[in-house]
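Subject: Handing over the structure, with notes on what was found

Dear colleague,

Please find the sequence and the structure just below, followed by some notes to read beside them.

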Amino acid sequence: MPESLDILVVAPHPDDAEISVGGTLTVSKQRGLRVGVVELTNGEPTPFGSVAIRAAETQAATDVLKLDWRGNLGLPNRQLEHSLAARQALANVFRQLRPRIVLAPYWEDSHPDHVVASQLVDAARFWSKLTRTDEPGQLPLVGEPFYPARIYYFWSIHLRTHPQPAFVVDISSAIETKMAAVACFESQLSRGRSNQFPTVLDDIRDRARYWGWSIGRAFGEPFASREPIGLAGIETPLV
């Protein structure tokens, strides 16, 4: 069984974690935390990708980010459903990896897979703590009950709204690593877009620059929270 993680990202598809929280994962590694990513689907089919291409790109990005763990549940892309089986599969990941913090897609988005993924994380968090898993119609769970202490939600790039985050992580020291990891997904972000300006990579970097500006830093990544966030002291936020 893998060692427990400090942070686990639940991503609907390969590249979602890098685009949305690649800087936060890098900063967390810089601070000595153990971080991982679980994708729910393989993201295929896409116009310029394949299962093999996406797997190779994902491995390259994993190497750039130096993740402690990465996995894929193999659920159907574009047909992701909040089923009992999917909930159980994700709950088992929580029970095996025991992450203190789970990062999940924001609950509102134009991509149906992202919306369902957010719902699955909330449900799997509850399912993961159950002590009785032998009731009729309920699938068995592996390992010991576990309840992740926090879920924070990240924004994807599909719904063009202006997020109102609960907090923004300073990723100034991690922006180049984040962008190198994002660039690994050439089949999704670069191929077939030679005439586009600004590029998708430009948009991702500029978005991080905006959120950095919002907290008086060079680059940042925003997060939402359904639950109150406690502070050790009023002086803790960036000033």
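Which side chain does glutamate 44 meet in a salt bridge? Before the answer, please keep in mind that this is a predicted model, in which local features need pLDDT of at least 70 and side-chain atom pairs count only at pLDDT 80 or more, while totals for chains, interfaces and linings use all residues. Residues are numbered from 1 along each chain as its sequence is written, and side-chain values use heavy atoms, with hydrogens and water left out.

Salt bridges

The partner of glutamate 44 is arginine 54, and the distance from N to O is 2.8 Å. The term salt bridge is used here for a side-chain nitrogen of Lys or Arg within 4 Å of a carboxyl oxygen of Asp or Glu. Because glutamate 44 lies in the loop between β2 and α2 while arginine 54 lies in helix α2, the pair ties together parts that are ten residues apart in sequence. (Helices, H or I with at least four residues, and strands, E with at least two, are DSSP runs numbered from the N terminus.) Glutamate 44 is buried, with a relative accessible area of 10%, and arginine 54 is buried as well, with 4%. In these notes buried means under 20% relative accessible area, exposed means over 50%, and partly exposed is in between, with a 1.4 Å probe and protein chains only.

In the whole structure, the search finds twelve salt bridges. One of them joins the side chains of arginine 226 and aspartate 122, with 3.5 Å from N to O. Since arginine 226 belongs to the segment after β7 and aspartate 122 to helix α4, this pair ties together parts that are 104 residues apart in sequence. Arginine 226 is partly exposed at 49% relative accessibility, and aspartate 122 is partly exposed at 27%.

Another salt bridge brings together glutamate 227 and arginine 125, at 3.5 Å from N to O. This pair, too, links distant parts of the chain, with glutamate 227 in the segment after β7 and arginine 125 in helix α4, 102 residues apart. Here glutamate 227 is partly exposed, with a relative accessible area of 30%, whereas arginine 125 counts as buried at 8%.

Nonpolar cores

A nonpolar core is a set of buried Ala, Val, Leu, Ile, Met, Phe, Trp, Tyr and Cys residues joined through side-chain atoms within 4.5 Å. The largest one has 32 residues, and those that touch the most other members are Val9, Val21, Leu25, Val37, Leu103, Ile171 and Phe223. Several elements each supply at least two residues of this core, including β1 (7–11), α1 (16–30), β2 (35–41) and α7 (200–214), and the largest share, five residues, comes from α1. Apart from this core lies another, of 28 residues, among them Leu5, Leu40, Leu75 and Leu120.

Threonine 26, found in helix α1, is buried with a relative accessible area of 8%, and, leaving aside its neighbours within four places in sequence, threonine 26 is in contact with Leu65, Ala174 and Thr177.

Aromatic pairs

The structure holds seven aromatic pairs. Rings of Phe, Tyr and Trp (its six-membered ring) pair if their centres lie within 6.5 Å, and planes under 30 degrees apart count as stacked, over 60 as edge-to-face and the rest as tilted. The rings of tryptophan 107 and tyrosine 153 have centres 4.9 Å apart and planes at 85°, so this pair is edge-to-face. Tryptophan 107 sits in the loop between β4 and α4 (112–128) and tyrosine 153 in strand β5, so that the pair links distant parts of the chain, 46 residues apart. Tryptophan 107 is partly exposed at 29% relative accessibility, whereas tyrosine 153 is buried at 3%. Tyr106, Trp107, Tyr153 and Trp155 form one aromatic cluster.

With kind regards

Note on methods. Contact means heavy atoms within 4.5 Å.
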